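Have the model open as you read.

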Amino acid sequence: MPPNDTLQGQHQLPKAPPNRKLPQHGVNGVYYGGEWVDIEDCVKKGYTLKPNSSSSGDQFQSKCQSCPNKNTCHKNNKNGDNGKGITIAPRSTSALDSSKDGSGKLYDICIIGAGCIGSAIARELSKYQLSVLLLEAADDVSQGATKGNSGIVHAGYDDKPNTNRAKYCWKGNQMFEALDKELRFGYQKNGSLVLALNEKEIEVLHDLMKRGETNGVQNLKILSKDELFEMEPAVNPSAIAALYSPDAGNVIPYEYAIALAENAVDNGVEVRIRREVVDITKDNESGEFILRVKHWEPKSYIDSRKTYAADGGETPNGFQKVLHGCVLVSTCFMIAMGAYMAADDKLHPEARQQANIVTLVMIVAGFSSLSSFVKSFGGFNPGEHLAKMPFERIVEKVSAPSGSGGAKVSVEDMFVGGSGSPDAVEGKTVGEETIKAKYVINSAGGASDKMARLIGDDSF
């Protein structure tokens with residue numbers, strides 16, 4: 001093999017790009033409203049909680065207490081609250097039942113797909129007095145096309161004029177700064193460059209610039225070679241010009257979708273994950289759509305629930321805790337009485353021997369009672385709150401991981417969540433739900449064509 005310098009001479013390897021130490025969202029600062037904010041300035045910009053404010057559930061409690069919809073919200077809460085006004089969500093669904101009649105079946109609008117589009121629609125609809133349900137087939141929001149998205153917030157210069165994309169792209173781009181200041185998902189307005197490597201490609205840059213101006217895109221500029229390399233020294237060294245759009249940016253797509261979905265839930269939208277729509281029909285009399293929805297859960301979770309039930313079932317309630325305590329006290333009393341009788345010289349030796357045996361039996365039973373009593377409080381420190389618990393203590397309380405280690409993800413699986421799809425995690429159907437809605441919004445990403453065909457639409 002020829003030496004490395006010979007290879008470099010043959011292939012003319014380009015120099016390594018300069019290390020510009022670009023800031024990274026969440027590391028010593030954040031992107032806020034498109035601009036970088038150092039960690040020291042985060043409080044001034046309002047990105048973090050104020051120094052003396054609480055970061056616990058107390059702040060949410062105070063918000064709940066002042067909310068005009070507090071009573072209705074807690075009335076429709078599926079799992080009740082924790083006694084402090086903080087709602088508790090059951091598995092695979094948000095806490096609030098947003099259905100029109102409290103049945104969990106009838107809604108004004110049902111949105112299929114909780115990616116960035118479905119979550120954005122849900123968030124916008126949450127501003128109105130509507131009953132909205134957001135369904136997601138995968139094991140969490142943002143698991144489909146959103147998860148694999150590049151996260152680019154385009155400016156709109158390359159969209160064909162007079163199309164919906166051309167009509168809305170620039171307008172949507174201009175909304176991101178304010179949206180990020182509301183939801184704080186880390187929008188970075190870093191601009192975009194389209195490079196030209198020869199004179200013919202410079203003509204393409206002019207065409208794109210003209211198209212952008214037709215679409216209403218502002219601030220476009222064609223950079224010379226010197227301007228380009230001053231702005232971005234790490235681009236292809238063969239570039240001779242570039243179209244620069246300072247308003248283009250990017251987001252972390254799943255953080256964006258999660259922020260939208262969380263805000264929608266805060267405003268009253270109900271979310272259900274692991275819900276695959278398998279059929280849609282229409283009631284001609286009421287005009288409502290009827291959705292048949294399959295609810296699945298991972299096999300590992302189902303197996304763990306079986307094991308948990310075999311070991312004693314659900315978490316003990318207040319009555320069970322009192323019962324465990326009474327049994328423990330009674331056992332301790334019996335042990336004390338047995339020890340007293342065994343030590344009493346006035347008793348017959350045979351009676352003292354029986355007292356010894358009973359005492360030993362009660363000691364064994366006492367350990368069992370003590371174990372049940374401690375478990376009823378979830379550990380050896382019943383007053384220990386998770387938010388104040390040392391990290392090592394939390395790790396001790398976490399159960400061992402279970403599962404098969406995953407499975408091969410097919411193309412079909414990618415349409416319904418990829419690694420979060422039912423097949424990828426050995427999902428098993430645990431129930432079927434019927435949903436009625438006046439309107440159904442198809443934002444199912446890669447499965448949009450499948451959803452459309454359920455109502456006879458083959459246009460996708």
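## Cysteines

Is Cys 169 buried or exposed? Cys 169 is buried, with a relative accessible area of 18%; buried here means under 20% and exposed over 50%, with partly exposed in between (1.4 Å probe, protein chains only). Cys 42 is buried too, at 4%. A search of the whole structure turns up 0 disulfides, taking a disulfide as a pair of cysteine sulfur atoms within 2.5 Å.

## Ground rules

This is a predicted model, so local features need pLDDT of at least 70 and side-chain atom pairs count only at pLDDT 80 or more, while totals for chains, interfaces and linings use all residues. Residues are numbered from 1 along each chain as its sequence is written, and side-chain values use heavy atoms, leaving out hydrogens and water.

## The buried side of H7

In H7 (residues 176-183), Phe 176, Leu 179, Asp 180 and Leu 183 are buried. They sit on the same side of H7 because they cover an arc of only 100° around the axis. Their cover includes strand E1 (29-32), helix H5 (116-125), strand E5 (152-153), helix H6 (164-173) and H10. Just after H7, Arg 184 takes a positive phi of about 60°.

## H7 against H10

The axes of H7 and H10 (residues 253-266) come within 11 Å and cross at roughly 65°, and the crossing is left-handed. Phe 176, Leu 179 and Leu 183 of H7 make the contact with Tyr 256, Ala 259, Leu 260 and Asn 263 of H10 (contact being heavy atoms within 4.5 Å). That splits into 6 nonpolar, 1 polar and no charged residues.

How values were computed
Axes are lines fitted to C-alpha atoms, for helices over the stretch in contact, and angles run from 0 to 180 degrees between N-to-C directions. Helices (H or I, at least four residues) and strands (E, at least two) are DSSP runs, numbered from the N terminus. A crossing is left-handed if the near helix is turned anticlockwise from the far one by less than a right angle, and right-handed if clockwise. Ala, Val, Leu, Ile, Met, Phe, Trp, Tyr, Cys and Pro count as nonpolar, Asp, Glu, Lys and Arg as charged, and the others, Gly among them, as polar. The arc is that of the directions from the helix axis to the C-beta atoms.
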